[in-house]
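Please give a short report on this protein model.

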Amino acid sequence: MIASSLFALGALPLALGLPSVNSPYERRTNLTSTEKLEYLNADLCLISSPPKSGLSGAKNRWDELQYVHIAQTDYVHGVGAFLPFHRYYMKVHEHVLKTECNYTGPLPYWDEPADIGKINEAAVFDKETGFGGNGTGAAGCVTDGPFANLTLRLQADLTTKEYCLSRYFSDFALAQAAQANVDVCMAKDKFTDVWNCLEGRPHGAGHGGVSGTMINPFTSPGDPIFFLHHGYLDKLWWDWQSGNLSMRLTDIGGNNTRGFGFGGVPGGGFGPFPGGDPFGGDNSSFPFPPGFPPTNGSNPFPFPFPGFNRTVNKAFTDYFNDGGNVTTLNHTLWSAGLMENVTIADVMDPRGGFVCTEYF
């Protein structure tokens, strides 16, 4: 079902020439209480705003933002575009917050190593000035905080069936965000090596630590904490780039497609679950803590085991403009019309141009 839905994307306008928003913005962890509430209210604005892009199944703007990720999960995980796409995707989120919900403040990221061993007490999950706490009941539905009882509907195959925002906190999974694991990544010399390293334990730690909706490789942006997690991951990539700007602002590589078959869990191989050993190093993105698979109505693996006999969707690969299966700076990044399309070259330097951000 997802294959046919993705081929239908070929009929969508891939480049709409929408204006970008290039005013500088900050990403930081130490927002004031007022700034936190303004940010949370902006996300709530997207959740309550009607859809605009005509994307199938979407009932609000938040659904459409989630759709962008679901539709191309196979092509933005376990591939060279993983880090550039998510930098772009965060810009798309910022764009709709600013242009449609009048948000003017800084964008937060989650300092995940600081919360190792105490995720339940983390300020980012405060029910008053944070994203609400752990899920409750068998389905793990979030019932406190600003996103209490949030209903999501887009499934991993782009069909619709309502389910709750869910979480199953796991200190065990979040422990993979340890500074020692980050340091291993920062010591890499080449983009292909640092990408594989960052998409492994640092990436898996935040997704697995929150779990529930966040553990689903397709639909994880349904949890608003997704954007703080990937803000942190993008900061790590920028920290690595800053170590040798003359080389690393243009260093890109990797494949555009991953072992089809099946796109699978971001960064994974093939084991009892896609992703193999979740703590085995290399590119094993998503750990599987207690509560997986979710019981809230969302399906993390819409295709039956074994086999995963899907084929490459040329509606995407022909549009990448790389001239082959190797990711290049010419590679096109797409957001289903929520914002203008750009190339990887446009997002390599976050300090100016299209991205225009500064990390603190």
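Predicted model: local features only at pLDDT ≥ 70, side-chain atom pairs only at ≥ 80, totals over all residues.

Residues are numbered from 1 along each chain as its sequence is written, and side-chain values use heavy atoms, with hydrogens and water left out.

**Disulfides**

A disulfide is a covalent bond between the sulfur atoms of two cysteines. Here it is called when two cysteine sulfur atoms lie within 2.5 Å. The structure holds three.

| Disulfide | S to S | Torsion about the S-S bond |
|---|---|---|
| Cys45 and Cys101 | 2.0 Å | -85° |
| Cys141 and Cys164 | 2.1 Å | about -80° |
| Cys185 and Cys197 | 2.1 Å | about -80° |

The link of Cys45 and Cys101 is left-handed. Cys45 sits in helix H2 and Cys101 in helix H5 (residues 82-101), 56 residues apart. Helices (H or I, at least four residues) and strands (E, at least two) are DSSP runs, numbered from the N terminus.

Cys141 lies in strand E4 (residues 141-142) and Cys164 in strand E6, so this bond ties together parts that are 23 residues apart in sequence. Cys141 is partly exposed, at 21% relative accessible area. Cys164 counts as buried at 13%. Buried means under 20% relative accessible area, exposed means over 50%, and partly exposed is in between (1.4 Å probe, protein chains only).

Cys185 in helix H7 (residues 179-186) and Cys197 in helix H8 (residues 191-198) are 12 residues apart. Cys185 is buried at 0% relative accessibility. Cys197 is buried too, with a relative accessible area of 12%.

**Strands**

Two strands pair if DSSP finds at least two bridges between them. Strand E1 (residues 25-28) has two such partners here. With strand E9 (residues 357-359), E1 pairs in the parallel sense over three bridges. Tyr25 stands opposite Thr357 there. With strand E2 (residues 107-108), E1 also runs parallel, joined by two bridges. Arg28 has Pro108 as its bridge partner in E2.

Strands E5 (residues 151-154) and E6 (residues 160-164) run antiparallel, with three bridges. Leu154 stands opposite Thr160. Five residues lie between the strands of this hairpin, and Leu158 takes a positive phi near 70°.

**Aromatic rings**

Rings of Phe, Tyr and Trp (its six-membered ring) pair if their centres lie within 6.5 Å; planes under 30 degrees apart count as stacked, over 60 as edge-to-face and the rest as tilted. The count comes to 18 aromatic pairs. One of them is Phe316 with Trp334, edge-to-face at 5.5 Å centre to centre and 75° between the planes. Both residues are buried.

On a 1 Å grid over the protein atoms alone, a cavity is a set of points where a 1.4 Å probe fits but cannot get out; a pocket is an open set with protein on both sides within 12 Å along at least five of seven lines; lining residues have an atom within 4 Å of a point. Grid points are joined across faces, edges and corners, and a volume is the space filled by probe spheres set on the points.

The largest pocket holds about 300 Å³. Its lining has 17 residues, with Thr29, Lys36, Tyr109, Ala123 and Val124 nearest the centre.

The largest cavity holds about 60 Å³. Its lining includes Phe316 and Trp334, the aromatic pair described above.
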